[in-house]
2 protein chains.
Amino acid sequence: MKQTTNKAAGKLCALRRMHKDLINIMPLQTGGILTNAAREALVEFGDGYSVCDFCLGNLQDITNPPVREFVHDLLPQFLGCDVATITCGAREGIFMVMHSLTRPGDSIVVDGNRHYSSIVAAERAGLNVIEVPHSGYPEFKIDINEYTPLIEKHNPKLILLTYPDGNYGNLPDATRLGKIAQKYDIPYILNGAYAVGRMPVNIQDIGADFIVGSGHKSMASAGPSGVLGMKKRWEQVVLRKSLAYSNKQVELLGCTLRGAPLVTLMASFPYVAERVQHWDGQVSKAQWFSAELEKLGFKQLGEKPHRHDLLHFETPMLYDVSKRVRERGYFLYKELKERGIWGLQPGLTKAFKVSTFSADKEQLSFVIDSFKDILHKYG
Amino acid sequence: MKQTTNKAAGKLCALRRMHKDLINIMPLQTGGILTNAAREALVEFGDGYSVCDFCLGNLQDITNPPVREFVHDLLPQFLGCDVATITCGAREGIFMVMHSLTRPGDSIVVDGNRHYSSIVAAERAGLNVIEVPHSGYPEFKIDINEYTPLIEKHNPKLILLTYPDGNYGNLPDATRLGKIAQKYDIPYILNGAYAVGRMPVNIQDIGADFIVGSGHKSMASAGPSGVLGMKKRWEQVVLRKSLAYSNKQVELLGCTLRGAPLVTLMASFPYVAERVQHWDGQVSKAQWFSAELEKLGFKQLGEKPHRHDLLHFETPMLYDVSKRVRERGYFLYKELKERGIWGLQPGLTKAFKVSTFSADKEQLSFVIDSFKDILHKYG
């Protein structure tokens, strides 16, 4: 290889993560921090394909490590569904469902707070997407009743709800949509990337046909990893077997999450299954944190009172500071980093998202005090 | 959760791998053993989504860790292509190409030694697959000239060649197929899951349009991970951007390999780029090993002289033993495991595949001696 390549390659030998041991309030990351068991499993099964030592033809049937028990017993019970599978992430699960249930040119109805990847997955599947608008500033709520006229007008093959959305952390009335889906007999998929592994969620109670979860976002797992649960009636559609290879699922290309992230998902599962039982405490912690920041003049967007750890704040006073300091918008990231806090996207000051999920109340008090200090310093 | 679930969940807390420190001759695993740098990176970036600390909208443009340099500079140079991307594995890359270049009902021509996942990917894309037959027992070779009449008859939208195949480790004349592909102007994809990261392979020299590689199979990486390289002319087709999100690629669902396996791919890359330069030594080691086992009465299938570390042996004398011992076919796995050797699929004795890639000559001598011992013990 050329000299330039050697130089570039040299950078790769010692990859370090700058934010590793800081207080983490980064919404994408607070639910994905590994347990110690997962960290050990990651090293134990780090070598590529080492999870497949005892494969007899299908990843999800491996008994050592106990993939079969995890996928076929624990996950369905946890998600309140009949059948579950592992995936490379929530979006991959959504695409699998779209690709199995629809044909190019079909329509689907989704909430206006949907993740960008739901739109991209629909584009990959050739679908026409109709969005249920949110209520706009400042709450950005989804009124589930607005699905009805769009269903009647567009005859969608699938309806999707993001629960909660990743922008505001709003929790729309998923159960109400379950009733509508049943009335019109339209398959209903719940994107629980920020729910599954954080809070109790059961699609049988909700009345959804499918649910996707994200290992790296909310199940204390390495990325890429995810789960997909469904009602029994969809098993032969979404998890259909290959005509040529009767033990291989077509939408999984045979075997999907074949590697280290799977064992983190499994190793963290007992902890994750337990932590969702303490969701009330997470909600009250988020509400307290939000109220404290509002006392500083920050304005929380999204639903109030808030029912999720994902919080979005408008902070015009910090934006004002950014306009008159040398570092511009980066001053806030730097000030927080110097205090051992990581989570606001570098450069943002006008509005930003945080998550209170992984930090405890003492750490969050320190975050609140840090914002106070910063406001005072530049006030 | 129920009592039964708690019991099952308990098993997940301490996942251990039985074969971790044994001499590894398992074909799926010998190319995926992590470097120390990769093992450190795995822990450093184990927490879900920690690779995305400095994301500005697209995973492949992240500069810390240096994903951008890896994907846009190092990989294309390594693969001999214009444009590269990371993927969740070789099969995922093959499906991306099929899904982008074909429509349901189209035909493709593939070699008869193709991996099962190429058939499943084609089924997912709704394609009609025509296979170029291999020469049958004992060499199972692909005659590239046999693509021509099938191309003329079926007008395929894509042709695929497995290089080498995973069953016999045969290396068909990929460059000859490059000339045929150019003559008929048909896109040509090379499945290099057992080539990229083991041996030098350059698709510009070969004349292929696409190449896929596997991180967990051959690039010293955790699974799931892979690479896809292509000619510039296909960038706007396979890596087309979303109409709604101009920095997100549709076939990658925005971001693909978002997590720990990616950093192992990067951290191992300098080592992998170097090791392919020593491929001649690997080939002579494989040939020596094969010759030694043939002295014991084993019969090597596939091409001779062999040009790859994947080896397939027929061993009727071991099969005979299995018929008269208590453990049946498992006796061989147990005998080898007791000697610190892992790699033959438990239960197999009649014929099996091994790989000489990761074991050194001294270790392989021990493997040969172990087979001798076992034959003697049961002889």
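Is E335(A) buried or exposed, and what is its relative accessible area?

Modeller: This is a predicted model, in which local features need pLDDT of at least 70 and side-chain atom pairs count only at pLDDT 80 or more, while totals for chains, interfaces and linings use all residues. Residues are numbered from 1 along each chain as its sequence is written, chains are lettered from A and ligands numbered from 1 in the order in which they are written, and side-chain values use heavy atoms, with hydrogens and water left out.

E335(A) counts as buried because its relative accessible area is 5%; buried means under 20%, exposed over 50%, and partly exposed in between, with a 1.4 Å probe and protein chains only. The side chain of E335(A) forms a salt bridge with that of K377(A), at 2.6 Å from N to O. This pair joins distant parts of the chain, with E335(A) in helix α14 (residues 330–338) and K377(A) in helix α15 (residues 361–378), 42 residues apart. A salt bridge is a side-chain nitrogen of Lys or Arg within 4 Å of a carboxyl oxygen of Asp or Glu. Helices (H or I, at least four residues) and strands (E, at least two) are DSSP runs, numbered from the N terminus.

Over all chains, the structure holds 44 salt bridges. Another one in chain A pairs D209(A) with R233(A), the closest N and O atoms being 3.8 Å apart. Here too, distant parts of the chain are linked: D209(A) lies in the loop between α8 (203–206) and β7 (210–214), and R233(A) in the loop between β8 (226–230) and α10 (235–238), 24 residues apart. D209(A) counts as buried because its relative accessibility is 4%, whereas R233(A), at 49%, is partly exposed.

Other salt bridges join the two chains, and across the interface of chain A and chain B the rule finds 14 of them. In one, the side chains of D53(A) and R17(B) meet at 2.9 Å, N to O. In another, E44(B) meets K20(A) at 3.0 Å, N to O. That pair runs from helix α2 (residues 36–44) of chain B, which holds E44(B), to the loop between α1 and β1 (23–24) of chain A, which holds K20(A). E44(B) is buried at 8% relative accessibility, and K20(A) is partly exposed at 32%. Both residues also belong to a network of salt bridges that links R16(A), K20(A), E40(B) and E44(B).

The interface may now be described as a whole. Contact, meaning heavy atoms within 4.5 Å, involves 93 residues of chain A and 94 residues of chain B. The buried area is about 8,300 Å², of which carbon and sulfur atoms give 59%; this is the accessible area (1.4 Å probe) that two parts lose on being put together, summed over both. There are 44 residue pairs in polar contact across the interface, with both residues at pLDDT 80 or more. Several helices of chain A each supply at least two residues of the side that touches chain B, including α1 (3–10), α2 (36–44) and α11 (260–275). The largest share, eight residues, comes from α11(A). A polar contact is a pair of N or O atoms within 3.5 Å; within protein, one must be able to donate a hydrogen and the other to accept it, and residues adjacent in sequence count only if both atoms are side-chain atoms.
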